[in-house]
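Hi everyone, thanks for coming. Today I'd like to walk you through one protein model, so please have a look at it with me.

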Amino acid sequence: MATPTHGGRAKCLQRLVRLELPVPRTVALSFDMVHTIASGGMPDTQALVDTFCDGALLCVRPSSEDPDWGGPGAILNIGMNHDRLADLTKTLGPDAASELYLRFVQSFAIHVARLDPDMFEEIEATGADGLAEALRAYEDEAEEPFPQDPAVQLAEVLRSMARAWEGTTARLLRQAKGAPMDAGLGLVVQEMALGLGQGECGSGVLQLVNSETGLPQVTGRYLSQSQGREALQQGNESLYLVRDPRGPSLEEAEPEIFATLKKNAELMRRRLREEMQIEFTLVGGQVHILDGVRVQRTPRAAVRIAVRLAEEGIIARQEAVMRIEPRAISELLHRQIAPDAPRDVIGSGIAASPGAATGRIVFSAAEAQASHARNEPCILVRRETSPEDIRGMHAAAGVLTERGGMTSHAAVIGRGLGTPCVVGAARMKLNLKRKTISAGSGKVFREGDIITLDGTNGQILAGAPQTVEAALDDAFQVLMTWADDERDISIRANADTPADAATARNFAAQGIGLCRTEHMFFEADRITPMREMIFADTAEDRQAALAILLPMQRADFSELFRIMEGLPVVIRLFDPPLHEFLPSDRAGLRDLAEALDLPVSDVTRRVDALGEYNPMLGLRGVRLGITLPEIYDMQARAIFEATLDTSEEGEPVVPEIMLPLVSAKREVELVRSRIDAVAAAVRAERGEEFTYRLGVMVETPRACLRAGDIVPHSQFLSFGTNDLTQMTYGLSRDDAGRFMSDYVQQGVFREDPFHMLDVEGVGELIAIGAERARLVQQDVTLSICGEHGGNPASIAFCRAVGMDYVSCSPFRVPVARLAAAQLAITDKIS
């Protein structure tokens, strides 16, 4: 790829000239030249002025590599002085000529000479009188007359714009938008076509597509000379194809001119291979094309535009896939706050799950369920969520937490449900006793007040701003089909419920890569027998309690298998510490005591005894399967019975059972022997054969290092990067949000490791694990099932180390599919 030298605007104008479009005479200054100017050098500006017609007015506009990086504003009407005022007075009249000069004096004074803008505020006169006052004000403030030599004016404009680009503030703003430190600026010097004179004159823009929808539609704006003062102020930088609203449209008044503009726009579209907006002026009915810029577009429009250009053969399908930013796909899947809607921002946090949600504030899962029953949207506000809040999260329109990071409980579940979620809003003070949240400004919001979450950018807003609905149209489906044709890594979904599985199937996931079974136990009809099992003293008592849960689990798995028919389903056996299923408040303890027919004091003592100092590193995962094996026995039986039931209805099911939190091969050997025994028992009871695959969730550093020992007992290894990151860093993913932004800002971490996979540390462990596993068992299936699986940058790493698939939340599946396709295309063309 050629190194850019003059910027996007200059390159586009050069191509328009080659297309023989009516572009005014233009000279482009390179990045190197502008840097030289900023350093004190200067080209021969007199020679530059002489390049143009005698007496021509000039404008200078920025030309950076990416227009989103910003830059200095354009300066118009360079060359206006007393002599040109006299000449233009004869052709345009004194008022119009004076107005042009006045605007240049003001622009030059403020943006070039850096004088105080207030100096012009008291000027009320217009025309020649207003100009005279402005010239006097300039001379008083600058202590010198307004420069009359066009070459001097141009030199000062070039110097000012070059220095503005290389200033510290401008550089930091650019870097915040992704620009490199050494990003260059080109400058375009162009002869002005004023859009003033005899006949039809004016200025405007035209494009052939709707920026909001991406559908073909001729649109734009036009200011005719008859609109007077406003048109003069716009000059070459008009952003306005509405003619004078009191009269006929440009198409009606000047059909030949209108047809010429459309013809030019279509030529630009096909030859520049992009939907372009023409900036034009009319002088005496003659068209002048001042610039062509890429049409601004919403994510929905971007997809439609890319697909249409490919279907018309203007660009290749691969290029259409490459033109869509994967993260922008998220905006198509969720309702969003309207781009032009006013925002009353009361706080901010981590954008954990995209989309917009408006509702009344509630502070508990029970209140969220009650609100949902009344058909009243609500926002569930918690200090941090726990598995007990699952039902409330299902009922809420959005979730806001004071604590947490990108892989906290609220964030992971929010993304899985497709529920907008903002976490880590630590600067908003939450008072659960008074049921209030306080904004940084001191404003207090109470239960029942309406707020809006913008989970796309992490903002919390007061009230209910206008929103736009999600839109997955035919163009989106076509683009994703093209993406699937290109990618070389499979994409599965993390799905815990039938609703999650259905969403994953709708988004064309290639199976379920992680089903977290513990979430199934928090339903109202399951939590009591689960607690009875936890309180049981003997294996027989545990089995009796689990016998109640067995048919429920079997039904859960049967439904998942039916929805995902023909696709693989990975079921992770029970993982969390048991204390998560026990109540912590007095009312909950009393209800549990009543259900178990025990004194409250006995229940309280037992709950306290089950507590752990560090439960996330305690009795959970495979450790439960070894110390309380009846749990895994029940789950294995439910899986195998569901396998046989659903295989009778459709394609044969081959379940994939995954053991969590493994650190040693002996753990796998012990649990596998019991699962094999359950499988044999089910085969004997039913008189039917089935197969299953057993794998390990690699989420401890030791499992990565000892993968070669573990893999002979496993058919697949799935790296759980959420916990692996937590254990590698020694960071709590729920608490890291309190200081993570400071760490990233000060360069301790390049990115939040719970958001972007740490390739250097966590990634090295994964690479070691993958390499050692493949040395022992070449055909082992390798994958990632942490939230990093939906991150485009992390998918690149997964491809590099030879993963077979990644698994992520259902609503991140389309993002992952597109990102994987773009990585594959990049490899093919590089």
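The chain has an average pLDDT of 89, and 97% of the residues score at least 70; pLDDT is the predictor's confidence in each residue, on a scale from 0 to 100. One stretch to treat with care is residues 228-245, where the pLDDT is below 50. Beyond near neighbours in sequence, that stretch has 68 contacts in the model, a contact being heavy atoms within 4.5 Å.

Some ground rules: this is a predicted model, where local features need pLDDT of at least 70 and side-chain atom pairs count only at pLDDT 80 or more, while totals for chains, interfaces and linings use all residues. Residues are numbered from 1 along each chain as its sequence is written, and side-chain values use heavy atoms, with hydrogens and water left out.

**The barrel**

Now, which strands close into a barrel? There are eight, in the order β22-β23-β24-β25-β26-β27-β28-β29, and their pairing is parallel. Strands here are DSSP runs of E with at least two residues, helices are runs of H or I with at least four, and both are numbered from the N terminus. Two strands pair if DSSP finds at least two bridges between them. On average, neighbouring strands of this sheet are turned by 25 degrees against each other, direction ignored.

Let's zoom in on one pair: β27 (residues 716-719) and β28 (residues 781-784) are joined in the parallel sense over four bridges. F719 has I784 of β28 as its bridge partner.

Helix α33 (residues 813-829) lies across β22 and β29, running at about 165 degrees to β22. For such angles, axes are lines fitted to C-alpha atoms, for helices over the stretch in contact, and the angles run from 0 to 180 degrees between N-to-C directions.

**The core**

A nonpolar core is a set of buried Ala, Val, Leu, Ile, Met, Phe, Trp, Tyr and Cys residues joined through side-chain atoms within 4.5 Å. Buried means under 20% relative accessible area, exposed over 50%, and partly exposed in between (1.4 Å probe, protein chains only).

The largest core has 122 residues, and V303 and F557 are among those touching the most other members. Helix α25 (residues 629-647) gives the largest share, nine residues.
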